[in-house]
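Thanks for passing this one along.

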Amino acid sequence: MATPLPIRKVAVLGAGVMGQGIAAHLSNAGVPSVLFDIVPKDLPAGAPRSKLAIDGIQNASKLKPAAFYKKELGSLITPANYEDHGKLLAECDLIIEAVVENIKIKNIVFEWVAKNRRKGSIVATNTSGLSLTAMGEQMPEEMRQHFLVMHFFNPVRYMRLLELVLHPQTLPEVGQAVADFGQRMLGKGIVFGKDTPNFIANRIGTFGMVSVFHHMATYGMNVEAVDAVFGPAMGRPKSAVFRTADLVGNDTLAHVLKTVYDGCPDDEARERFVVPSWLERMVAEGANGDKAGKGFYQKGKGADGSKQILARNLETGQYAVADKPRFDSLGKAKGKESAAEKVKAVLAGDDAAAKFAWAVMADTLIYSANRIPEIADDIVNIDRSMRWGFAWDQGPFESWDAIGVAESVARMKADGLQVPAWVEQMLAAGRKSFYARDEQGRMTWWDVQSASPKLMEQPSSWLILRDLKAQKKVVASNPSAELYDLGDGVAGLSFRSKMNALDDGIIGMYIQALDQLDAGKWEALVVGNQGGNAFSAGANIMVVAMNAMQENWDDLSEMISVLQKTLQRAKYSKRPVVTAPWGLTLGGGAEVAMQSAHTQAAGELYMGLVEVGVGLIPAGGGCKEMLSRYLGDIPEGTEYDPNPFVQAAYKNIALATVATSAEEARAIGYLRPSDRLTLDPDQLIYDAKQVALGLVQAGYAPPRKRRFKLPGASGRAAIELFLYQMAEGGYATPHDVTVGKKLAFVMTGGDVPAGTWFDEDQILDLEREAFLSLCGEQKTIDRIQHMLMKGKPLRN
């Protein structure tokens, strides 16, 4: 019996939307793939026979949001067709079928796979709900032993969930190999489901939707009201219910509902999965959502030509300008920080929105509890499925804990609802919640089948800060930051201010961490955090504005100086400092990330020096670092013209260029060629720690400070011509030009002859002086105030 090989090359069968997304994300992970599709029957003369696969790769490079970390990664995909390139299949360790959801067509593809695959290679189907057992019936036994479901969610790059379902004959080592590959290489959150219609996430998620359909008329909810309730206020994504349906496709939604109705005759809520008549009319009409230009919502224009969003009346089928429903219960949720607090605030209300939210939530919680062990063996797989696949802030059982299990069970029974027996048995056993930490701070979860708590299992490569905190591994803290003992002599600095914006508390804790590092208490330091959507969204701009308005120039200068010195100290520490940026890493956050011995970045990284948006320039070393990235590697003594390098660095700052992935950040210069990527967000701090330990073991020594040859006044003149052209073309306001000139002065070295050499401290001085000068501009203060009030820069 063949043993599964390491997964080094993958075949993707089907160059449609899902096939394109899977192949593109494999490229993001650095995994080469072969993308197969049929030879078109109406192939134009002279066209390549693998045209569909070629078109699929090209289409993937145009998708928005982007499927690739950068377009050039498309070169890792080889286009192929079934007729000519069967031999290529034998080169692949993993084969992922992603053709149309038709079991007859899939079986034809699997027959071709059986003829061309190498024994021991793994075969997976990306079906969203067809029977795995039925698909495996005609396969050779050895192929069935290497057969399973790998259900990706669309868009593949952004949706973390990967559902795995094993065939009764699938070898355990095959399932483990795919789980490891999905988590470690592709960054996916792995859950194990059962061979049931729609598996886990779509089964629970669609029930949540049909429960909305069931209750909305009772509580007088229209499309807009439903989406207002079941959005962020209830811990759900902004797309809520009907906007999500438009994104997925209403014909797809109808198909998924029918799949459950036809395939689950014993489901106690089966009748709710009957496709509503109004949805049938929409599908017949072609109102299938975004891909059709209309669905539950439609874009329109007012009488004055202004853009409008129209919402559909489900009874009449007519569209009207979408209203913005307001409910007191939703208003109370806005002031809450956590998802749990928001949900409790909504459910505590007594208006129609609160009653509607409770009715739907109660149904969904009970339905989820009734699905164990039908669709999954435990609550953990269900909760992770909903967080990772439907972007819920909390899974059903996490939500149940948040609102209080005993209290909510009492309310359900008072409403005449039938609570699953195992939930009441758990309460009777003295267990008050589905999840709880033991005396050692370890997370446990209630196992339905054994009626007892079990320790939470997770990949060994995860390092979760909230677990360390529960285990009393926080060694210092203040309202804005915490210092952790990550183990093995490595400390971890984590931010926790709003949007992790840099403030005195964060910088103070950074200084404390560096003091301890210098004193030998730690061998290395990792700077990273978890939760929310930002490593750091920049400096606390309100503090800057207040000092500027009060003309506290000495305090502002000192604040900038401390930031500069702290980040320089981190970069040149004799013991390694490794930064682990992810998500929004903007302005001062980018400056923190860049100034380190090494950066271990998340694949999903949105990084840029964006200070010009509020009329300022980077002053925490951002200008210096960009010069270092563009000029620092040129050996001293080499004759070169610095202008093109300085201009390229300048434009990235002047245009506030934001990388939309780690690979884009590397191409721009925010990341170094030697910096590494982690695709699994829960593995990021672990990987950063491993890099830090590796540097220590290798006898780490800090880099030498850089010197830069700058173009001076003559180089600045060329940049100012660029600014003039931008202003003449209407792309820059007068204040943009003012900011641009200040930035040019810093980046070119000021009023000095061309070819003058500068050290890093001199560039930092220029940064600080320009920053303070711009803080004195009323237009800058206006922009900052506008941003604080409106959340976006003012164009003035």
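1. Searching the whole structure turns up 42 salt bridges, a salt bridge being a side-chain nitrogen of Lys or Arg within 4 Å of a carboxyl oxygen of Asp or Glu. Please keep in mind that this is a predicted model, where local features need pLDDT of at least 70, side-chain atom pairs count only at pLDDT 80 or more, and totals for chains, interfaces and linings use all residues. Residues are numbered from 1 along each chain as its sequence is written, and side-chain values use heavy atoms, with hydrogens and water left out.

2. Helices here are DSSP runs (H or I, at least four residues), as are strands (E, at least two), numbered from the N terminus. Lys258 is partly exposed at 49% relative accessible area, and Asp262 is partly exposed at 45%. On this scale buried means under 20%, exposed over 50%, and partly exposed in between (1.4 Å probe, protein chains only).

3. Next, Arg387 forms a salt bridge with Glu398, with 3.0 Å between the closest N and O atoms. Arg387 belongs to helix α16 (residues 379-389) and Glu398 to helix α17 (residues 396-403), so the pair ties together parts that are eleven residues apart in sequence. Arg387 is partly exposed, at 25% relative accessibility.

4. Is the Arg672 side of the next pair buried or exposed? Arg672 and Asp675 meet in a salt bridge at 3.2 Å, N to O; Arg672 is buried at 16% relative accessible area, and Asp675 is buried at 3%.

5. Finally, the second largest pocket holds about 640 Å³ of space. Its lining has 25 residues, and the closest to its centre are Ile190, Phe192, Asn381, Arg384 and Glu457. A pocket here is an open set of points on a 1 Å grid over the protein atoms alone, where a 1.4 Å probe fits, with protein on both sides within 12 Å along at least five of seven lines; lining residues have an atom within 4 Å of a point. Helix α7 (172-185), strand β8 (189-192) and helix α16 each supply at least two lining residues, and α7 gives the most, with five.

Technical notes:
Points joined across faces, edges and corners; volume = space filled by probe spheres on them.
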